[in-house]
There are 2 protein chains.
Amino acid sequence: MAQKVFKTVHDVARAAGVSVATISRVLNQHPNVSAKTRERVLALIQQSGFRPNAIARRLANGRTGSLCFLLSNRDIIHSFHSRVLKGVEDYCQQQHRQVIFTTFDYGPDDAMPTETLPRMVREYRAIDGVLVAGTNYPNLLHYFTEVELPYVMFGNNLVTGALALPRKNAVCFDEQAGAREAAEFLFELGHRHIAFVGDLSQPWYMRRQQGYREAMESRGLPIATIDIRGETDCAELGRRSVPLLLRQHPETTAILAQDDETACGVLENLEKLGIRVPADMSLMGYDDISEIRYLRPALTTVRVPKATIGWKMAEALAGIVAGKPAKPAPPLPTELVIRDSCARLTPAA
Amino acid sequence: MAQKVFKTVHDVARAAGVSVATISRVLNQHPNVSAKTRERVLALIQQSGFRPNAIARRLANGRTGSLCFLLSNRDIIHSFHSRVLKGVEDYCQQQHRQVIFTTFDYGPDDAMPTETLPRMVREYRAIDGVLVAGTNYPNLLHYFTEVELPYVMFGNNLVTGALALPRKNAVCFDEQAGAREAAEFLFELGHRHIAFVGDLSQPWYMRRQQGYREAMESRGLPIATIDIRGETDCAELGRRSVPLLLRQHPETTAILAQDDETACGVLENLEKLGIRVPADMSLMGYDDISEIRYLRPALTTVRVPKATIGWKMAEALAGIVAGKPAKPAPPLPTELVIRDSCARLTPAA
DNA sequence: CTGAAAGCGCTTACAG
DNA sequence: CTGAAAGCGCTTACAG
């Protein structure tokens, strides 16, 4: 016999000889349905391949079920954020939520409901809330507050004014502790002249330098920081730092770079000068991005728990949306990944 | 005065002294509204910050406005697919569409409406169509056809049976031509003994090898293929290929790897044996993924137009959804990216 | 356990 | 150019 095709709950209800309310109840696993009717309806749905209209469900029950992953001010999706997104998606899949991906470029002074703001965040109820990734400024966050759109931030990536906002709805990792452990690791290897290379005008790199400084100061070791500002290409920053470092701190035996890309630049110029890593100089990155996968020597680095950050952000946002009070979560720990770019300091050196 | 907060079109209509139909018309830029009313309504909307309910709009007009980017059988989002996704998002943003990102793991023999299939693709009308990325099999594609869900595939990534399906709804790049050009480039540099390293059991790598073969045969040059099967880690495949290659084709002066990761493995083991790239051996990758960014020597490779692929896929899907007849698009061209890993063959060698 | 009916907040012919 | 009314396809008190 020809298979009936049901387009709406009404079709199913008619065939089952019950009301649409009952169909809706079995669709939503509502307990108040007799086992008998439930089975009959379920069978009908099965064989007809009936699929309820998702939009209608959302309008009726008032829940959109979707979280928006908003990547701000990035022209490409770096591997770092890909991993965060993957964590978000894993959580959402498990929770039967959907993740809407979008990007947005704006400046700190743009007036906020702007034309370029993605449509779904401007629209009312298109999304339950937004996961704020990339680089963000207070104007956008204020807008979210104004229109009462719940959001959760990736706390480590906030610029200036955004830092002062309440942090209940932020997920972050312990940037400072990661740098501290990195410096301590180099100390354990026997290094006493450890330099930090970075751009201290950026809050996140500043925190890393602070962790480094804490580790050094608590051991009475000298601080050696090469602070290069205004260079947005980290690899280039790393390259430029090498001559400065060698001149200003020639006694250095180990370098802690502000991030992996910076480390790549440092490595490149070190090698050009015939300084071998790790034989002559130990080198450490930060982040553990996939771009360093095939670097030789394999880079020892501080791994940031990217997928976990995404998962926790989605979880926090879902909680807020569900009305649970947002509570500040403790920062996520980083993990030291020991590969080949750091060596024990030999007495000869 | 206290700012009125309008929650629905009715609130706005009441304040403007018109009907909701009129509000809807100005919201949708319908021409049949007098300039006067339009302005008044617009002003009201402006100052009240009224935002129409997106879900209700979709239910009423029957369009969901969202495309689903489905990444199949990948445990992480590789940089390759990040770029494709970015292209999709760029197109969708411009078209005021939203992209729903999801992942899905399945096998070629799984029965298709499975529990693990993401909810939004199971639901009716949650999405307008799906962009199929990652590795996919016929069973999923058949399911889409069955439930009449429009889809567009990334054509280069289809396995076995999926290859035989009609390709009107596929976007692909010219894999074979890219490999041909790569081999020709090595030829121009004076190389006559060029080897291909890869896994010919995979259709995509097979196509690359075919391009290589065409270039070689048309010049009467010998084919030298190292075909290693069953190794899913390409870098490892590359590593393993080196001793085989040196034994079987010791005359080789240039290697065309099936992809960048394979090239990384080749490079690693070449260097271990003291064979310098490019001085002693030229080496070429394929894809131009971000993981090779910091490789030294910088890898000469064939760039796949990832973002363009994403853009074209989204464009094609939007066209199909809009009822335009799907027409097969010509394959997108690749681009040779010349960096430092290939050198002119000197007579001495 | 079940059904009739109102409601979610828009859009869209249809009339005027 | 504008409005009244039906409709999009569900869900959810409310009654029974």
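This is a dialogue on how to read several features of a predicted model.

Me: How do H5(B) and H12(B) pack?

Reply: Two packed helices are described by the angle between their axes and the distance between the axes. Helices (H or I, at least four residues) and strands (E, at least two) are DSSP runs, numbered from the N terminus. Axes are lines fitted to C-alpha atoms, for helices over the stretch in contact, and angles run from 0 to 180 degrees between N-to-C directions. Here H5 (residues 79–94) and H12 (residues 306–321) of chain B have axes 6 Å apart, at an angle of about 45°. H5(B) and H12(B) are therefore oblique to each other; angles under 35 degrees count as roughly parallel, over 145 as roughly antiparallel, 65 to 115 as roughly perpendicular and the rest as oblique.

Me: Is the crossing of H5(B) and H12(B) left-handed or right-handed?

Reply: A crossing is left-handed if the near helix is turned anticlockwise from the far one by less than a right angle, and right-handed if clockwise. The crossing of H5(B) and H12(B) is right-handed. Residues making the contact include B:Phe80, B:Val84 and B:Tyr91 of H5(B) and B:Ile309, B:Trp311 and B:Met313 of H12(B); two residues are in contact if their C-beta atoms, placed from the backbone, lie within 7 Å. By class, this contact of H5(B) with H12(B) has 11 nonpolar, three polar and five charged residues. Ala, Val, Leu, Ile, Met, Phe, Trp, Tyr, Cys and Pro count as nonpolar, Asp, Glu, Lys and Arg as charged, and the others, Gly among them, as polar.

Me: At what angle do H1(A) and H2(A) cross?

Reply: The axes of H1 (residues 9–16) of chain A and H2(A) cross at roughly 105° and come within 8 Å. H1(A) and H2(A) are therefore roughly perpendicular to each other. On the H1(A) side are A:Val9, A:His10, A:Val12 and A:Ala13, which meet A:Val20, A:Thr22, A:Ile23 and A:Ser24 in H2(A). This contact of H1(A) with H2(A) has five nonpolar, three polar and no charged residues.

Me: What is the strand order in the four-stranded sheet of chain B?

Reply: Two strands pair if DSSP finds at least two bridges between them. The open sheet in chain B has the order E7-E6-E8-E9, with parallel pairing. E7 (224–227) and E9 (282–284) of chain B are the edge strands, each pairing on one side only. From one strand to the next the twist averages 20°. E6 (residues 194–198) of chain B pairs with E7(B) over four bridges, and B:Ala195 has B:Ala224 as its bridge partner. Helix H8 (residues 175–188) of chain B lies across E6, E8 (254–257) and E9 of chain B, at about 170° to E8(B).

Me: How many residues of chain A touch chain B?

Reply: 43 residues of chain A are in contact with 43 residues of chain B. On the chain A side, H5(A) gives the largest share, seven residues. That side divides into 20 nonpolar, 10 polar and 13 charged residues. E2(A) and E2 (residues 98–104) of chain B pair in the antiparallel sense over three bridges, with A:Phe101 opposite B:Val99.

Me: Which residues come nearest to DNA strand D?

Reply: A residue is near a molecule or strand if its C-beta atom, placed from the backbone, lies within 6 Å of it. Of the 27 residues around DNA strand D, the nearest are A:Ser24, A:Ala56, A:Ala60, B:Ser19 and B:Ala21. DNA strand C is also surrounded by 27 residues, the closest being A:Ser19, A:Ala21, B:Ser24, B:Ala56 and B:Ala60.

Me: Where are the cis peptide bonds that involve B:Pro278 and B:Pro297?

Reply: Most residues other than glycine have a negative phi, and most peptide bonds are trans. The bond from B:Val277 to B:Pro278 is cis, with omega near 10°, and B:Pro278 lies in the loop between H11 (260–272) and E9 of chain B. B:Arg296 and B:Pro297 are also joined by a cis bond, with omega about -5°; B:Pro297 lies in the loop between E9 and E10 (301–303) of chain B.

Methods
Residues are numbered from 1 along each chain as its sequence is written. Chains are lettered from A and ligands numbered from 1 in the order in which they are written. This is a predicted model: local features need pLDDT of at least 70, side-chain atom pairs count only at pLDDT 80 or more; totals for chains, interfaces and linings use all residues.
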